[in-house]
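Please look at the sequence and the structure below before reading on.

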Amino acid sequence: MRIICPRLNLWHRWLNMFDQLLKRLLQGDFICEISDEAGFRYLQDTEHARQVDEFLTRLDYRLSSTQNQLAFYAAYRTIDSGARSDIRKVFQQFRVELQPVVEWLDMMMSCLNQDTALSPGDTLSFSSLLQIIEQNQALADRLQTFAKFKDFTSSDDSVKGRLEKLLSTLQKWGYLTLANRDTLIYQVTGKLDYFYQALQFIQEHEQIPIEQGEVDVIQESLF
Amino acid sequence: MSQSQQGLERLFKALANNCELIAQAYFTGVVYKDSQNQRALNQLKQLKILVTHSADGYRITGRLSQFIDSALSSDRIRRLDTDLASWIETLEQQIGLYQDAWDENRVDDSENYFVEIERLVFDLSDTLEENTRYLLMLVNSRFANVRTLAEKQKQNAFYISRLEKLVNAISSLQPEFLLEIVEEQPLIYELLDQQLIRLLPIYQQRLQDILDKLKVFLFELRQIEVRAQLVQGFAFFLQQNQNYQPQDWSESDNIPEHWNQIKPLALFAYADPLDHALEEDLIEIAQKIPMNTEVMLVKQKQRSLSAVTLGQQNKTTLDLPLYRKQLRVYFDRVLKNEDQSISAVAFQQAFVDDIEPSIWLSCVLNEWLRRQQRNKRLQMELIQADVGQTFSGNKKVRDIVLKFRRAEG
């Protein structure tokens, strides 16, 4: 006869969680409420976070989180030349992602007719988006412009094919997760919190002008 | 039919016959008297479906309005919580009236009061359940039904204040006091305890959770405004500066915290010889291997090659086995005679003499399975033998009858 002790069972579950989370963190994944709710809750517990951090410390890594604590990831504890070389690669990837992700966020605001930008936890329905874009030529043209980014070129030239490519690439980059395979509902992950943080940093430190006021005035005077 | 049943039927008929007037009163808030509707309005007023709104106007009664709100999951359900405090007050009054009637031995009155108390308790319980469930849904959807940020913020702030009121109202219910005053009335005590008091901590906790979520969401909403501006501004900037690349912040002395991410660890069973970063490590490992080890001593095997000749190959034609020829004849006959059932056993007895019936049947079955995938008009019927153990799971077939169904149309 097999005796199941609830406490032992729970302990095994936690141990499994610890293993899985460490593997995901070492693979460079972001752990957020949307992509891994149980894992995220586990890391929100101070004691569990301390244990994970302690393990990562042996590899000279540490547990880090985005500014709003919406996602956890592994970072270097000491930034030596090896770490710097790796960070350079991460930054190069961010450079690749910057323009298409900004364009996608802006396009979604137009698609959903919202004055708010997407946030972690928001949902996107493939069929709704397809319907909106198919009925609006300006949006269809915007979708087509994604083809200039190498990760978004699609062999299928239809609006459906392009939208599929857009969402699947964003899923591959970790900004979206497929919440429902049958209805093709995507959900924005906590990685977007990190993206906003980086975008804000660049805007502030490179003094990117984000006010469109001047141009509006010029356009107004043309009519 | 009893008098009360008749009354109920009359009420339902009035609701059905005047549904347009009621809908108008519900959606517009008031319906005005004219020469056409005067009679109907009077009847609805008598039945307490409508009440006077102004000199010529009527509005829908509060309870019916609440019922419709709830049934339609309307946004207006949010008004319900404001009634909570007054409901509790009414409940206390009803309990007092019940106790007086009980003490004075007015049995009918006490029964009526009990029914009223019961209804109030259920109403309260339903209201709390509906309100908390509805709010939870709203919170989880992050007010997805409204598009503008201003409206989201307005709704959020409104629900926070409403929730605080609701939490306060539940706190003011004073369960100990209520139970204390009905201590000597076991029926009411049990009713209050089971249907209300025991559920209160659950509702209170649920409301507190919702309140916490709303507060976090309000904080996020404040950031969303900044983010929307950032995204739109950046998108505009990138459109104007197509070749823009951010500075290489990974080269700065102090790397910003958010870019401090580890490179994903990748494990391979072997080293990549094209990765120059590994060159020195690989040389170092190779130098450590002693010359007399098995790996170094082993001779490379001569790889054998397949001989290729250009000469003509002799072709041999294989004859079909006899049973295949006979099967073909049988199936050709079935296909030629549309809508005619032809028995496999009868065919075998007439034309096939060197195959056992059981083997012949199994060949026919196999051939039918192969052909029917391409041609659904080829139908098969198994003729089973009666003998055999019941419920053995086996079928004993004594014949197979094939029929080629005529094409429709």
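## A residue in chain B

B:Thr28 counts as exposed because it has 11 C-beta neighbours inside 10 Å. The scale behind this, with C-beta atoms placed from the backbone, calls a residue buried if 20 or more other C-beta atoms lie within 10 Å of its own, exposed if 12 or fewer, and partly exposed in between. B:Thr28 belongs to helix α2 (residues 19–28) of chain B; helices (H or I, at least four residues) and strands (E, at least two) are DSSP runs, numbered from the N terminus. Its C-alpha atom is 9.0 Å from that of B:Arg59, and 31 residues separate the two along the chain.

## Basis of the model

This is a predicted model, in which local features need pLDDT of at least 70 and side-chain atom pairs count only at pLDDT 80 or more, while totals for chains, interfaces and linings use all residues. Residues are numbered from 1 along each chain as its sequence is written, and chains are lettered from A and ligands numbered from 1 in the order in which they are written.

## Chain B and its strands

Chain B has 15 helices and six strands. Of its 409 residues, 18% are buried. Two residues are in contact if their C-beta atoms, placed from the backbone, lie within 7 Å. Among the contacts in chain B between residues at least 6 apart in sequence, 58% join residues at least 24 apart.

B:Arg59 lies on the uncovered face of strand β3 (residues 57–60) of chain B together with B:Gly57, whereas B:Tyr58 and B:Ile60 form the covered face. Two strands pair if DSSP finds at least two bridges between them. β3(B) pairs with strand β1 (residues 31–32) of chain B in the antiparallel sense over two bridges, and with strand β2 (residues 50–52) of chain B, also antiparallel, through three. B:Tyr58 takes part in both pairings: B:Val31 is a bridge partner, and B:Thr52 stands opposite B:Tyr58. A hairpin of four residues leads from β2(B) to β3(B).

## Sheets in chain A

Strand β6 (residues 185–188) of chain A has A:Tyr186 and A:Val188 on its covered face and A:Ile185 and A:Gln187 on the uncovered one. It pairs antiparallel with strand β4 (residues 123–125) of chain A over three bridges and with strand β5 (residues 176–180) of chain A over four. Four residues lie between the strands in the hairpin of β5(A) and β6(A), where A:Leu184 takes a positive phi near 55°.

Chain A also has an open, antiparallel sheet of three strands in the order β1-β3-β2. Its edge strands, each pairing on one side only, are β1 (31–32) and β2 (61–65) of chain A. Two bridges join β1(A) to strand β3 (residues 71–76) of chain A, and A:Cys32 stands opposite A:Ala71. Helix α3 (residues 46–58) of chain A packs on this sheet, touching β2 and β3 of chain A, and its direction makes about 140° with that of β2(A). Axes are lines fitted to C-alpha atoms, for helices over the stretch in contact, and angles run from 0 to 180 degrees between N-to-C directions.

## Nonpolar cores

A nonpolar core is a set of buried Ala, Val, Leu, Ile, Met, Phe, Trp, Tyr and Cys residues joined through C-beta atoms within 7 Å. The largest one has 66 residues, and the members touching the most others are A:Ile31, A:Ala71, A:Ala74 and B:Val231. Helix α10 (residues 200–240) of chain B gives the largest share, 11 residues. Beyond its neighbours within four places in sequence, B:Val231 is in contact with A:Val102, A:Leu105, A:Asp106, A:Met109 and A:Ala117. A second, separate core of 12 residues includes B:Leu327, B:Val364, B:Ile400 and B:Phe404.

## Where the chains meet

The contact between the chains takes 47 residues from chain A and 34 residues from chain B. On the side of chain A, the elements giving two or more residues are β2, β3, α4 (81–111) and α8 (191–205), and α4(A) has the largest share, 15 residues.

α8(A) and α10(B) pack at about 65° with their axes 11 Å apart. In this contact, A:Tyr196, A:Leu199, A:Gln200 and A:Gln203 meet B:Arg227, B:Leu230 and B:Phe234.
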